[in-house]
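Visitor: Could you take me on a close look at one part of this protein, the pocket? I'd like to hear what lines it and what the rest of the protein is like around it.

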Amino acid sequence: EILIGLVGSEMCIRDRSKRMKYIYLAKEYDLVVNDTFELFYRGVICLYNPYQYYILVRCQKGNPYPRYYTFTPKKEDVGDYSLTISLLDIHNQVIEEASTILHVYEAVPPQMTLNVLCIGDSLTFNGVWPKEGYRRFTKVEGEPAGLGFNGTIKMLGSCHQTVEDEEIGYEGYGSWTWKSFCTTDVVSTKSPIWVNVEHHELDENDQHSTWKSGNLEWILESIEEKRLKFKRGNNNYSPNPKIEKTFENVMGGIHTNPIEVIGYEFEIGNPFWNKEINKIDFKNYCQKHHYETIDFVYILLTWNGLYKPYHTDFQYHIDYAKQLIRQIHIDYPQAHVTLLGIQICSVNGGIASNYGSSGPYSDLLGTITTAFHYNESLENLVKEEEFKSYCRYVDTKAQFDSEYNMPMVERKVNVRNNTTEMIGTNGVHPTMNGYLQLLSLIHISEPTRPISI
C-alpha cells in the first residue's frame with residue numbers, strides 16, 4: 001500500500017510495507033483483582049510524539065484516557081479480554097493497529113514459602129522494586145495496599161533492604177549487564193570503583209553525570225550516603241587507575257561542586273561465580289548463603305550497552321541472557337524466570353542533560369527505538385521452544401510513566417523570560433515514584449502459574 005502525504009511543503013510518497021513498526025504491545029498482560037492496571041501509550045508506541053495520531057483503544061473493560069488506558073478489575077471481571085490499539089491519521093485512516101490479551105485473575109497465597117531472587121543493574125541497586133514487591137505481597141499497610149500474604153516468600157540476595165524490620169535480599173549492581181553476571185569476578189580494566197566520601201549533595205538528578213579525577217573520566221552510576229560508584233568514561237582503561245583526592249564535574253547533573261574523596265575500592269565480583277569450577281553456579285551460591293532453593297527469579301537488565309540508536313541486533317546480550325537462564329534451569333529445574341523489559345527513557349531533556357548532543361544515547365528517538373527493539377528481543381527469547389515452559393516476559397515499558405516518573409527540575413524557558421517549565425535531568429534512572437512503578441505488584445494466582453509482576 002502506498003501512502004501519500006506532506007513533509008514540510010514537499011510531497012512525500014512512501015511504501016507502508018517498508019516503514020518502521022510503531023505499536024509494540026506485548027502478547028499479554030496480567031491484571032490482579034482490585035489492583036489498578038495502567039498502560040501508557042508512550043510505552044507501546046515507538047514515535048517521538050505518539051500523540052500526533054489519534055490513539056483509539058478498544059476493550060470490553062477499562063477506560064482509555066488521552067495518555068493511558070486504565071482498568072481496575074473486580075472479582076466478577078476474572079477472565080481474558082482482548083485490547084486493540086489503533087493509530088489514525090488526520091483523515092481518520094488507520095495507520096497501524098495491534099492487539100493484546102489482558103488476563104485478569106485473583107491473587108491467592110502460596111501453599112508454601114517460596115524463595116525469590118531479583119537480579120539487576122543500577123535500576124535494582126537501591127533495592128526499591130524488590131522491597132516494594134515484598135511489601136505489596138506480604139504486608140497490608142501502605143499505598144497501594146498490600147495483599148497481606150505474610151511469611152509466604154523469602155527474598156534472596158547479598159544486597160539488603162529492610163521492610164518493616166524484615167531484611168530482604170537481592171542482587172543489583174550499577175553498570176552491570178547480562179555478561180557481568182555470567183563472567184569472572186576478577187578486577188579488570190573495565191571494573192567500576194566505589195569512592196568513599198564524608199558527605200556530598202548528589203541525588204537522582206546527578207546519575208550519569210561525567211566527572212574527572214586527574215586526567216581520567218568517570219561516570220557517576222550509584223549514590224549512597226557515604227559512597228559513590230563510578231564507572232569508567234572515555235579512554236579510562238588502566239587496570240590500576242590513579243584516583244585523585246578530588247573529582248571535578250565535567251558535564252551533566254545539577255550538583256556540580258567538587259567531590260572530596262577519602263578512599264576508594266573496586267566493585268565486588270560476580271555473586272554467582274564459583275572459583276572452584278570457574279563458572280556461574282547457583283547451587284554453590286545458595287549453599288554459601290544457606291538458601292534451600294530458588295523458586296522464582298526476576299531479572300531487570302539492561303540499559304547498559306544499548307549505545308547504538310535504532311539498533312536491532314542484540315545477540316550479544318541475548319547470548320549471555322541465555323547462558324544465565326540456562327544455568328538457573330540446570331541448577332533448579334523447577335524455578336520460573338521472569339524477564340522484565342526496560343522502561344522508556346526520559347523524553348523531556350534527561351537524555352540531553354546526561355549525554356549531550358553527540359555519542360552514545362544522545363539521539364533521543366534513536367535511543368527510544370533501540371529500547372523498543374531490545375524489549376522485543378527479550379519477549380522473543382522467552383517464546384523460544386527451549387525457554388517457553390519456564391520463562392515469561394513482563395512489558396515494563398508499557399506500565400511505566402516516562403513522562404512524569406523521571407527526574408525533572410523547574411527552569412526558566414529561556415534566559416530572557418522568568419516563566420518556568422519542567423526539564424528532565426536524568427536519561428534512564430527514574431524518580432523514587434518511578435522505581436516504585438517498576439514493580440507494581442507481586443502476586444500468585446494459582447500454584448501452576450508463575451509469580452506475576
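**A look at the pocket**

Guide: Let's start with the parts list: the protein has seven helices and 27 strands. Keep in mind that this is a predicted model. The C-alpha atoms fill a box of roughly 65 × 65 × 40 Å along the principal axes. With 453 residues, a compact globule would have a radius of gyration near 22 Å, so the 23 Å found here agrees with that.

Where do you find them along the chain? Strand 16 (216-223), strand 17 (227-232), strand 18 (246-251), helix 4 (315-331) and helix 5 (350-355) each supply at least two lining residues.

And away from the pocket lining, what's packed inside? The largest nonpolar core has 108 residues, with Tyr-29, Leu-39, Trp-178 and Ile-299 making the most contacts inside it. Helix 6 (residues 364-383) is the top contributor to this core, giving eight residues. There's also a second, separate core of 14 residues, which includes Leu-216, Trp-218, Phe-230 and Ile-259.

Zoom in on Trp-178 and, leaving out residues up to four places away in sequence, you'll see it touching Ile-299, Tyr-320 and Leu-378, among others. Across the whole protein, buried residues make up 55% of the 453.

Definitions and conventions. Residues numbered from 1 in each chain as written. Predicted model: local features only at pLDDT ≥ 70, side-chain atom pairs only at ≥ 80, totals over all residues. Heavy atoms only, no water. Core = buried A, V, L, I, M, F, W, Y, C linked by side-chain atoms within 4.5 Å. Buried < 20%, exposed > 50% of the residue type's maximum accessible area, 1.4 Å probe, protein only. Helix = DSSP H or I, 4+ residues; strand = E, 2+ residues; numbered from the N terminus. Contact = heavy atoms within 4.5 Å. Rg over C-alpha atoms; globule rule 2.2 N^0.38 Å.
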